[in-house]
2 protein chains.
Amino acid sequence: MELQKIGTVRSPYKSLADIPRQGRFVNTVSEIEILPAFADGLLRIETAQRLIVLYWANLAKRDVLQTLPPAGSELRGVFSCRAPHRPNPISLCIADLLAREGNILRVKHLDALDGSAVIDIKPYTSVDSLPIDNAEEFNAGVGIASAKKSCS
Amino acid sequence: MELQKIGTVRSPYKSLADIPRQGRFVNTVSEIEILPAFADGLLRIETAQRLIVLYWANLAKRDVLQTLPPAGSELRGVFSCRAPHRPNPISLCIADLLAREGNILRVKHLDALDGSAVIDIKPYTSVDSLPIDNAEEFNAGVGIASAKKSCS
């Protein structure tokens, strides 16, 4: 299973220290430049409000299976938290689509390092928008501040 | 960017014709068997209500960039619809976690073919649960029936 790069992230995050814990809680705007060979795959993407962006976390460690989430007090498996470190370092971020200009997408809330390789883009639909029963408690466990806390 | 298989799907979907358009609208239960080498990555996964499952769509075509979604009338780029065919055929499905027994996860709503290679699992959190302004209209365009229509 070999991945091919479909595009590149242009973001203000030039080093790992610049990246917010979750892109959703800051209003940073980034660009995704789709490679010309894949630009036909963008047809009608401007009808989407939000995009699921899969990108390759190039600096992540692939041999880490457990980690202590930031703000968490208990060790968690990488499949039960959102650490970039995992056997296949594919990061997932839901970004808001602001505009499309040719093969360039302007997006808000993407948390990718400048230069990251984009692997896939999918529209965010109603099957992705689901309630969570224990959101506050669970988010705290995985080191994700709640929207309420972070935006107030 | 080379992927490694972290586990295998055991589902009642033995052929492509068996798979529903969206797993969310049927109550099928599947199992994800995580390979022993990666089982430590499951620590505390039972605290999650829903999981984002990334799996490899082995039968998908990688050279398709535009497609006509089922029930859609307009050609779309693969990055603006949820077709399995795309340059990197990584399918994404949000499944409900029913139970964990050792390295086996019982999940509901997964739409993967039996035997599919699992690439990654992430907990579904509040940063993934977002409203969509034009859900009905957009879902129709990408060939996803709305929950209201499908479940009534």
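**Exercise 1. Find the residue that stands opposite A:Arg100 in β7(A), then trace the strands around that pair.**

Step 1. Opposite A:Arg100 stands A:Leu105, in β7(A). The model is predicted: local features need pLDDT of at least 70, side-chain atom pairs count only at pLDDT 80 or more, and totals for chains, interfaces and linings use all residues. Residues are numbered from 1 along each chain as its sequence is written, chains are lettered from A and ligands numbered from 1 in the order in which they are written, and side-chain values use heavy atoms, with hydrogens and water left out.

Step 2. Strands (E, at least two residues) and helices (H or I, at least four) are DSSP runs, numbered from the N terminus. Two strands pair if DSSP finds at least two bridges between them.

Step 3. Follow β7(A), residues 104-108. Five bridges pair this strand with β6(A), in the antiparallel sense. The two form a hairpin with two residues between them. In the turn, A:Gly102 has a positive phi of about 65°.

Step 4. Look at the other partner. β2 of chain A (residues 29-34) runs antiparallel to β7(A), joined by five bridges. Here A:Ile32 stands opposite A:Leu105.

Step 5. A:Leu54 stands opposite A:Leu92.

Step 6. Six strands of chain A form a closed barrel, in the order β1-β2-β7-β6-β3-β8, with antiparallel pairing. Neighbouring strands are turned by 45° against each other on average, direction ignored; axes are lines fitted to C-alpha atoms, for helices over the stretch in contact, and angles run from 0 to 180 degrees between N-to-C directions.

**Exercise 2. Work out where A:Arg82 lies and which residues of chain B its side chain reaches.**

Step 1. A:Arg82 lies in the loop between β5 (76-77) and β6 (90-101) of chain A.

Step 2. Is this residue buried or exposed? A:Arg82 is buried, because its relative accessibility is 17%. Buried means under 20% relative accessible area, exposed over 50%, partly exposed in between (1.4 Å probe, protein chains only).

Step 3. Check the polar contacts. These are pairs of N or O atoms within 3.5 Å; within protein, one must be able to donate a hydrogen and the other to accept it, and residues adjacent in sequence count only if both atoms are side-chain atoms. The A:Arg82 side chain reaches the backbone oxygen of B:Pro123 at 2.8 Å. A polar contact of 2.7 Å links the side chains of A:Arg82 and B:Asp128.

**Exercise 3. Describe the surroundings of B:Asp120.**

Step 1. B:Asp120 is in strand β8 of chain B. This residue counts as buried, because its relative accessibility is 0%.

Step 2. Leave aside neighbours within four places in sequence. The contacts (heavy atoms within 4.5 Å) of B:Asp120 then include A:Phe79, A:Arg86 and B:Ile52.

**Exercise 4. State how many residues each chain brings to the contact, and the area buried.**

Step 1. Chain A brings 64 residues and chain B 64 residues.

Step 2. The buried area is about 6400 Å², with 57% from carbon and sulfur atoms. Buried area is the accessible area (1.4 Å probe) that two parts lose on being put together, summed over both.

Step 3. Count the salt bridges: six between chain A and chain B. Each needs a side-chain nitrogen of Lys or Arg within 4 Å of a carboxyl oxygen of Asp or Glu. B:Arg44 forms a salt bridge with A:Glu74, with the closest N and O atoms 3.6 Å apart.
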